[in-house]
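I opened this model to take notes on a few local features and on how its parts meet. The entries follow in the order in which I looked things up.

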Amino acid sequence: MSTLDIKVQRWNELSESEQRQQLARPQQSRSAELKSIVTDILSQVRNQGDDAVIRLTQQFDYPAAQSLALSSQQRAELIEQLQPKVKQAIDTAYATITRFHAAQTPQDLMVETATGVVCESRYAPLKSVGLYIPGGTATLPSTALMLGVPAQLAGCSRKVLATPPAKDGSIPAAIAYVAELCEIDDIILCGGAQAIAALAYGTESVAPVDKIFGPGNAFVTEAKLQVSQDDSAVAIDMPAGPSELLVIADDTANPAFVAADLLSQAEHGADSQVILLTPSANMAERVREQLLAQCAQLSRKDIAAQALANSRLLVTTDLMQALDVSERYAPEHLSLQFDNARDALPQLTRAGSIFVGHYTPESGGDYATGTNHVLPTYGYARNYSSLGLTDFYRRYTVQEATADGLKQLADAITTLAELEGLDAHKRAVTIRTEDVQ
Ligand SMILES: NC(=O)c1ccc[n+]([C@@H]2O[C@H](COP(=O)([O-])OP(=O)(O)OC[C@H]3O[C@@H](n4cnc5c(N)ncnc54)[C@H](O)[C@@H]3O)[C@@H](O)[C@H]2O)c1
Ligand SMILES: N[C@H](CO)Cc1c[nH]c[nH+]1
Ligand SMILES: [Zn+2]
């Protein structure tokens with residue numbers, strides 16, 4: 001770890017282009033090569049169905065793969081193996097996540113917009129959803145909870161979970177247990193772009209879904225973006241890629257806590273990015289020392305060290321400037337480690353999820369505070385929402401007018417139709433109002 005070189009830099013001493021560079025995400029996103037690899041995988045699955053998915057699973061994940069589905073007997077056998085302590089932890093997380101998401105149940109509404117005219121906003125659960133659970137470098141049963149719980153609460157009638165098998169074909173018992181708790185209908189053992197293609201287009205053994213949810217690596221994210229733009233008419237939740245954490249800390253923070261949090265996201269993958277913004281040069285130096293010391297103790301120290309190479313320790317003039325820089329970066333996770341941190345919330349609206357105060361570690365939200373850990377990355381916290389219950393519904397509208405109600409609006413509608421030169425639009429109104437006494 002002695003070779004790990006993390007520099008502390010002063011924000012105000014950087015030129016504009018250096019500042020931009022500091023806030024750039026690691027080279028991961030839509031390179032031409034990545035796009036073409038994914039396009040090729042999607043077309044293989046579209047043309048050859050299960051055969052292509054199995055072949056690609058053999059290539060990337062499980063060399064002896066022969067089929068995609070996990071049978072209900074295999075699911076039950078896996079659940080049998082689950083350790084009681086793990087089952088208990090999952091039950092606790094299932095309860096908190098359920099509590100927070102159930103409170104988000106959307107309400108239909110009806111408004112009389114003019115006398116005799118009512119408009120409604122209604123919600124219907126999506127009929128079939130695909131839930132992608134990453135399984136490349138770490139298996140993530142917690143992500144199965146984050147997707148399974150809202151899909152279950154919304155009442156989506158078909159829920160398909162896709163996750164890549166390990167080299168020996170296995171998946172964690174914990175994922176099977178979460179699938180059971182959340183009433184997942186089918187588990188398919190495949191990952192990457194081929195899993196996204198199977199969910200979007202369907203194969204002999206997987207019927208296509210209406211919307212695909214879940215985070216993943218660059219192949220998964222690119223595949224989601226491509227299928228959402230082609231003619232498959234499948235929707236996606238958001239671009240949720242490599243993990244990011246931005247911590248804002250002042251001298252009231254504990255540098256060991258800050259470093260532990262930064263490392264908790266750095267260990268996700270070499271392409272994760274973690275950033276510290278602090279008005280205190282002394283705090284930046286102490287966090288740097290802690291990062292070196294704590295990183296060396298991690299089982300995934302090599303991965304975390306690679307991520308730290310994309311990481312930044314930036315000294316700002318004051319806390320206000322740190323808040324401004326965070327708004328510019330729009331992190332997936334934002335941790336506020338300074339006293340009275342709650343007071344800063346009104347100025348911070350561009351983050352996937354915010355962790356307030358010294359005793360709210362980011363990993364709490366990853367597992368069990370109750371919030372959803374599927375969050376926009378790559379700066380999409382500027383315009384994408386964090387995953388919630390309403391993402392598992394479609395909102396649509398209804399309107400109904402009485403004969404008198406239509407008469408009330410007839411002038412407005414016919415005038416606007418004339419303005420747009422659309423005679424048939426106008427006639428659809430006048431043909432009715434001319435009959436009204
Ligand atoms: N933003 C969020 O909400 C959130 C939540 C959890 C995890 N994550 C992120 O999800 C990611 C998970 O990534 P992962 O790799 O561990 O698992 P993954 O399941 O996303 O990817 C594994 C798959 O990638 C495919 N793949 C690997 N190498 C390939 C290649 N050379 N060509 C084509 N396909 C290839 C394989 O099909 C494999 O099944 C991490 O970056 C983690 O930070 C994000
Ligand atoms: N931090 C990840 C979201 O970016 C989610 C996760 C799953 N397990 C642990 N962490
Ligand atoms: Zn995490």
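I looked up Tyr 378 and found it in the loop between α13 (362-367) and β14 (393-401); helices (H or I, at least four residues) and strands (E, at least two) are DSSP runs, numbered from the N terminus. The phi of Tyr 378 is positive, near 55°, in a residue other than glycine. I noted that most residues other than glycine have a negative phi. Tyr 378 counts as buried, with 21 C-beta neighbours inside 10 Å. My cut-offs: buried is 20 or more other C-beta atoms within 10 Å of the residue's own, exposed is 12 or fewer, and partly exposed lies in between, with C-beta atoms placed from the backbone.

Before going on I wrote down that this is a predicted model, in which local features need pLDDT of at least 70 and side-chain atom pairs count only at pLDDT 80 or more, while totals for chains, interfaces and linings use all residues. Residues are numbered from 1 along each chain as its sequence is written, and chains are lettered from A and ligands numbered from 1 in the order in which they are written.

Next I checked Ala 233, which also has a positive phi, near 60°. Ala 233 lies in the loop between α8 (218-229) and β8 (235-236). Is Ala 233 buried or exposed? Ala 233 is exposed, as 10 other C-beta atoms lie within 10 Å.

I then turned to strand β10 (residues 273-278). Six of its six residues are buried, so β10 is largely enclosed by the rest of the structure. One side carries Gln 273, Ile 275 and Leu 277, and the other Val 274, Leu 276 and Thr 278. β10 pairs with strand β9 (residues 244-249) in the parallel sense over five bridges; strands pair if DSSP finds at least two bridges between them. Leu 245 has Val 274 as its bridge partner in β10. Strand β11 (residues 312-315) runs parallel to β10 and is joined to it by four bridges. There, Leu 313 of β11 stands opposite Leu 276.

Last, I looked at the domains. The chain is divided into domain 1 (8-24 + 241-384), domain 2 (32-238) and domain 3 (402-433), with bounds from an automatic or database domain assignment. The centres of domain 1 and domain 2, taken over C-alpha atoms, are 29 Å apart. I found 15 residues of domain 1 in contact with 18 residues of domain 2, contact meaning C-beta atoms, placed from the backbone, within 7 Å.

Terms used
Two residues are in contact if their C-beta atoms, placed from the backbone, lie within 7 Å.
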